[in-house]
Each structure stands twice: as structure tokens, then as C-alpha cells.
Amino acid sequence: MSTENMNPGEIGDAAGRIFNFYAPLNWIIRSQEDQNDHGIDLEIELKNAEGIARGQGSVFKIQLKGQKRCIYIDDGQKLSFSVPRTRVKYYLQFNTPVIFVVVDVTTECIYWVSVTDNAEIQQKLNSSSTASLTIHLPIENKLERGNTDSFNKVLSAVQSCWEHLSLRGLRTAVLNCRTLKPKALDQRINQVGDALFTAYHIKFECLLANGNFSEVYQQADTIIRSPIVPPKDRFIATLYFDYSFKVAPFTNVKQEQITQQISLCSLLIELAREQKESPYRLTAIVKARTALFSIMTEQLHATHVTHPHFQKDSIEYLLINQEINKYYVETYRHLVKIINLCNRLIIKGQFSILANLMVDLMMSIGEFKTVHKARGTDGGIAFLDDWLNNMLITVFFYTSKVSDLWKINQLYLMINLQSNLKSIVTFDIRELVIEHCAKAEEMLNVIDEQIANKPKQFLFRDASVEEQKAFFADMAKKLGMDPDDKKSREGQFVSIGLKNYDPTNVISHCEHMFVDYRPRGMIAEQLRMHSLCTPLMICLKHGYAVGGRLLIEAFDNSDGPEFMRGFKQRHCDNCNDCTSRTAEWRWSLRWQGEEQIKHADKLDKFKNF
């Protein structure tokens with residue numbers, strides 16, 4: 001029958017048949033004509049791969065309308081449909097997502113728009129009093145048979161509607177509190193509080209997944225400082241703050257990082273005392289112990305690495321050796337406390353906290369093993385290796401059983417990146433994890449591929465100048481000589497050395513120019529950084545030489561009096577032998593060493609300068 005002669009009932013039947021024909025096979029379509037949902041045509045529930053209904057979270061409603069001649073506006077970009085005001089209000093009362101669908105029975109085109117979270121519809125409802133409202137359906141919201149993406153777009157809209165309804169339900173719960181009696185009100189406050197922090201928890205996870213650490217800091221700090229937020233929620237917010245700070249600290253100053261770590265640990269302990277529950281107390285202790293171990297290990301490892309730079313018969317070598325022994329004993333004693341804490345967690349069955357401890361501990365234990373291998377006894381080394389291996393078996397078994405992919409990821413990556421940890425593992429980590437958590441296999445494959453394809457190690461001299469300077473700056477901070485700390489005398493010496501590290505700005509204009517570095521002193525010996533000295537600018541052509549604390553100031557000082565003018569003003573500006581370097585020339589440690597050998601005879605004349 002031609003659509004021209006259809007009555008309203010026939011148009012509705014045709015719309016229903018067209019929609020059912022187009023809908024995916026995993027949509028369970030239930031007619032609502034014999035239900036209490038007067039005016040709602042269909043209820044949809046999704047099936048899983050086994051054909052079983054997924055349940056409440058996959059349910060939504062569809063208000064289906066048929067039309068012989070659809071009206072299009074905005075140059076055909078929107079379909080316009082008039083709906084009685086009372087019906088729109090009715091759709092918005094549902095606690096299940098409602099999707100409005102129009103079927104053009106003439107062309108069999110199907111268009112849709114979500115009603116539940118539609119700001120345009122809500123605005124029209126609030127701002128007008130007309131008997132009917134116009135609903136606009138974008139033509140890009142078109143359902144096509146066999147086009148999975150077009151139907152998945154509907155499901156995405158349904159998910160947004162569920163989120164909108166969750167927030168609406170929370171708002172309603174708060175508004176209804178004023179009608180409750182005191183005892184019931186206390187219970188509702190707790191429920192709303194839990195719901196609010198669950199929402200924050202989800203938001204934290206989303207922010208972390210997107211790498212938005214500054215927002216995590218702001219949100220967590222707001223919760224931590226709030227006098228009305230319960231201690232348990234402030235405790236969790238502090239953990240999020242702590243994790244973000246470990247991944248993306250908001251300060252590069254080492255001393256400030258240490259101060260922040262200690263402050264967070266103190267706050268966790270304080271909140272755990274307020275909460276008065278064992279898991280909170282144990283978590284706070286774990287965070288404090290592992291943070292302190294990390295600080296101690298960094299200092300121990302940095303000192304251990306710089307120790308061989310000194311002559312073995314020098315007084316500096318003996319003094320540093322004594323310091324390393326002291327640091328080593330203190331760090332080992334603290335590790336024993338952590339080992340005892342791990343045993344306590346196992347006895348109490350707190351395997352989740354144990355897994356968190358191992359994630360926080362793993363990088364530090366790798367650094368400690370480097371020193372332990374050089375200074376520990378055979379028995380002590382064997383004990384630590386055996387203990388660590390047993391802890392890893394326990395933690396990987398637990399995290400696999402509960403499918404904690406994040407902790408599996410962190411531990412697997414850290415172990416495989418550190419040869420001194422990987423060598424002590426006596427079991428097949430992949431095999432254990434996949435046996436108890438099959439869905440982790442894909443993640444482990446990705447990690448293995450990343451490790452296999454990681455760039456090969458290259459010589460320090462082949463690193464960029466900025467990478468080299470960053471290395472020395474980090475090493476200095478670990479040794480307590482922070483170049484960013486203006487109050488640190490040693491740190492400021494390192495800061496000047498970093499500024500003088502690359503002499504390009506004083507030698508690039510002339511190939512006869514050279515800067516001779518003669519590092520000396522304990523700091524220079526510790527860091528083995530060539531520019532920790534008073535460098536000497538030399539014109540190899542004419543034999544001019546000038547020393548200066550800061551190279552660029554000694555080179556170019558046009559504003560000073562005659563006797564204080566720089567090397568450039570006195571010797572270079574009027575020199576007829578000045579020969580620019582090639583455009584391809586770049587200063588590097590390799591070039592510096594080669595030139596030092598090449599001009600050894602000329603440089604030797606200035607050894608007493």
C-alpha cells in the first residue's frame with residue numbers, strides 16, 4: 001500500500017516494522033504497549049556474545065514516531081518534529097535513558113536524538129509555556145542497517161544519559177534530606193558522602209589516564225583541606241596526590257621533592273590515626289617506610305657511583321668511603337624494617353597493601369642491590385635475593401588472581417628494565433600471570449615489545465649537551481648540591497659549572513678560540529664534570545688568555561670601564577685574523593677532547609695561568 005493513503009495507526013505499525021528490521025541482532029526489543037510506561041513504545045536490552053541479557057545497565061527506552069513527510073531545517077541538516085509539552089515532561093521523568101526516534105516511512109530513513117540529557121530540550125521546556133515543543137534530530141544521527149558504528153553511537157549516547165541520571169539521582173538525594181529525621185539523615189549523609197567520593201574517585205582515575213596531573217593536584221588538595229570531608233576520603237585523596245607527585249612532581253628541586261614526600265607521609269599517618277582502622281594505618285606505615293628508603297637509597301647510590309672518581313690514595317677517597325659505609329648500614333637497617341613489615345602484612349592477609357609496597361619499593365631496591373652487591377656479604381646478598389624472589393611470587397600471584405592489571409604492569413616493567421632484579425627471579429613471570437589472569441597476556445606482549453625495541457645504550461659523549469647537563473644536575477641534587485638552591489654554596493658552584501658547560505657562545509665566532517677546562521677539588525672529583533673550575537679562554541693564534549668565573553661575562557662586557565671590558569672587546573672586535581667556524585660545527589665533549597690533544601703544546605704554555 002502506498003504511504004500516501006496510510007492512516008496514523010498504519011504509519012506507526014510501519015515505523016515499528018522498519019525499526020525492528022534495521023536494529024542489530026544483539027538488541028532485545030520489548031514492546032511497552034501492555035506495560036505501565038504509557039506513551040513509551042519500546043524497551044531495549046543488550047545481549048552479550050553468548051546471547052544472554054546484560055542487565056540493568058544495558059537497558060534504555062525508545063519513543064518511536066513514524067512520519068510520512070518529514071520536515072527538515074537548517075539546509076536539511078536537522079529533522080524537526082513537534083511533541084506535546086506534557087509528553088516531553090513525561091519522558092524526562094524516567095530513571096532510564098530515553099531515546100527519541102523518528103522513522104520516515106516513505107524513505108525508510110531512521111533518525112534519533114537522546115532526550116534524557118538533552119540541554120536544548122530542557123532549555124525549551126524551562127523558557128517557554130507553549131503546548132508543544134519542537135525536537136530537532138541531527139541527520140548525522142541516522143541508523144543504517146548493517147552499519148555497526150551508527151548503532152554504537154546510540155549506545156554512547158545511552159551511556160551519557162546514565163551518567164546524567166546518576167548525577168540527577170545524587171542531587172535528588174541531597175534535596176530530599178530536608179524531609180528526613182535526624183537518624184535517617186545521618187545515614188543519608190554517609191550514603192551521599194560515599195557517592196560523592198566515588199564520583200571523585202572515578203574523576204581521579206580519568207584525570208590520571210589522561211595525564212592531567214595538575215588537575216589531580218587541585219582536586220585532591222581541595223578534598224584534603226576540607227574540614228567536613230571524612231578522614232577516609234581525605235586519606236584516599238592524599239594517595240592520589242602522592243601517586244601524581246611520584247609520576248610528575250611539580251618541582252624539580254630535589255630538597256623540595258623530599259620535603260613534599262615527607263609531608264605527604266606525615267599527613268597519611270595523621271589521617272590513619274583519625275580513621276582508626278588497621279588497613280589505613282598499615283598503608284600509611286608502608287608509604288612512610290618506602291619513601292624514607294627511597295630517599296636513603298638515592299643518596300647511597302649517588303655517593304657509591306661517584307666514589308671511584310677519586311684517587312684511591314687520596315684523603316677524599318677515604319672520607320667518601322666512610323660516608324658510604326655509614327649510609328649503607330643505615331639503609332640496610334631500614335630495609336630490615338620493611339622486610340618485617342612485609343611479613344606482618346602477609347600474616348594479616350593484607351596482600352593488596354603488600355602489592356602497593358612492592359610497587360613503591362622496586363626501583364629503590366634495584367638501586368640498593370647495586371651497592372649491596374659491592375659491599376654486602378655473600379650470605380646477606382643471597383638472603384635478600386631469596387626474600388625478594390618469594391615476595392614477587394606472592395604479589396604476582398595475588399595481583400593476577402584479582403586481575404589488578406595496573407600493578408602487574410608496573411612490577412613487570414620495573415623488573416624487566418633492571419638486570420640486577422631480573423637476574424634474581426627464579427620463576428617465569430609471564431607464565432604465572434597468564435595462568436591466573438589470561439586477559440593480561442596482551443598487556444605483557446605490549447611491554448615485551450616496548451622493551452625489545454627500546455633504544456640501545458649509547459656513550460655519554462654521544463648524548464646531547466642538554467641531556468648531559470641534566471644528568472649532572474640530577475647527580476648533584478642526589479648528593480645534596482642542588483644547583484637550583486641559591487642558599488647552597490656547593491649547589492651554586494655546580495650551577496656556574498652548568499652555565500659554563502658548553503662554550504659555544506664564546507668560541508663559535510672564531511676557529512682560533514678555545515676554552516681550556518681544568519677541573520679540580522672534591523665537587524669536581526665527585527661529579528667528574530669538566531666545567532667545575534675557573535675556565536680559561538685562549539686565542540690560539542695570538543696567545544691571548546683570560547680566566548673568568550662565568551665565561552660569557554668574561555668574554556663580552558661592553559658596558560664596563562676600559563680595564564674591565566671583556567675578551568671580545570679587547571681582542572676580537574678589531575682582529576683581522578678572526579675566522580668564523582663552519583655552519584655545521586657543533587661543540588661536544590668529543591670535540592673538546594680531540595682539540596685538547598691537538599693543541600696540547602700551546603695549552604701547556606698556560607698551565608700556570
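Author: Helices (DSSP runs of H or I, at least four residues) and strands (runs of E, at least two) are numbered from the N terminus. The structure is a predicted model, in which local features need pLDDT of at least 70, side-chain atom pairs count only at pLDDT 80 or more, and totals for chains, interfaces and linings use all residues. Residues are numbered from 1 along each chain as its sequence is written, and side-chain values use heavy atoms, with hydrogens and water left out.

Reader: How many helices and strands are there in the chain?

Author: The elements in question belong to a chain of 609 residues. The chain has 24 helices, and its strands number 12.

Reader: What percentage of the residues of the chain count as buried?

Author: A residue is buried under 20% relative accessible area, exposed over 50% and partly exposed in between (1.4 Å probe, protein chains only). Of the 609 residues of the chain, the share that counts as buried is 45%.

Reader: Is Ser 150 buried or exposed?

Author: Ser 150 belongs to helix α4, which covers residues 148-175. Apart from neighbours within four places in sequence, Ser 150 is in contact with Trp 112, Lys 142, Leu 143 and Glu 144. The relative accessibility of Ser 150 is 8%, so this residue counts as buried.

Reader: How far is the C-alpha atom of Ala 284 from that of Ile 269?

Author: Ala 284 is part of helix α9, residues 278-306, and its 1% relative accessibility means that Ala 284 counts as buried. Once neighbours within four places in sequence are set aside, Ala 284 is in contact with Phe 235, Leu 268, Ile 269 and Ala 272. Ile 269 is 15 residues away from Ala 284 along the chain, and the separation of their C-alpha atoms is 5.2 Å.

Reader: How is α9 oriented relative to α10?

Author: Axes are lines fitted to C-alpha atoms, for helices over the stretch in contact, and angles run from 0 to 180 degrees between N-to-C directions. Helix α10 (residues 315-347) packs with α9 at an angle of about 155 degrees, and the two axes are 9 Å apart. Angles under 35 degrees count as roughly parallel, over 145 as roughly antiparallel, 65 to 115 as roughly perpendicular and the rest as oblique. The orientation of α9 to α10 is therefore roughly antiparallel.

Reader: Which residues of α3 make the contact with α2?

Author: Helix α2 (residues 85-92) and helix α3 (residues 119-127) have axes that come within 11 Å and cross at roughly 130 degrees. This angle is why α2 is oblique to α3. On the side of α2, the contact involves Arg 85, Val 88, Lys 89 and Leu 92, while α3 contributes Ile 121, Gln 122 and Leu 125.

Reader: Where is His 530 found?

Author: His 530 has a relative accessibility of 15%, so His 530 counts as buried. Beyond its neighbours within four places in sequence, His 530 is in contact with Tyr 501, Tyr 517, Pro 519, Trp 587 and Leu 589. His 530 is found in the loop between α20 (522-527) and β11 (536-539).

Technical notes:
Contact = heavy atoms within 4.5 Å.
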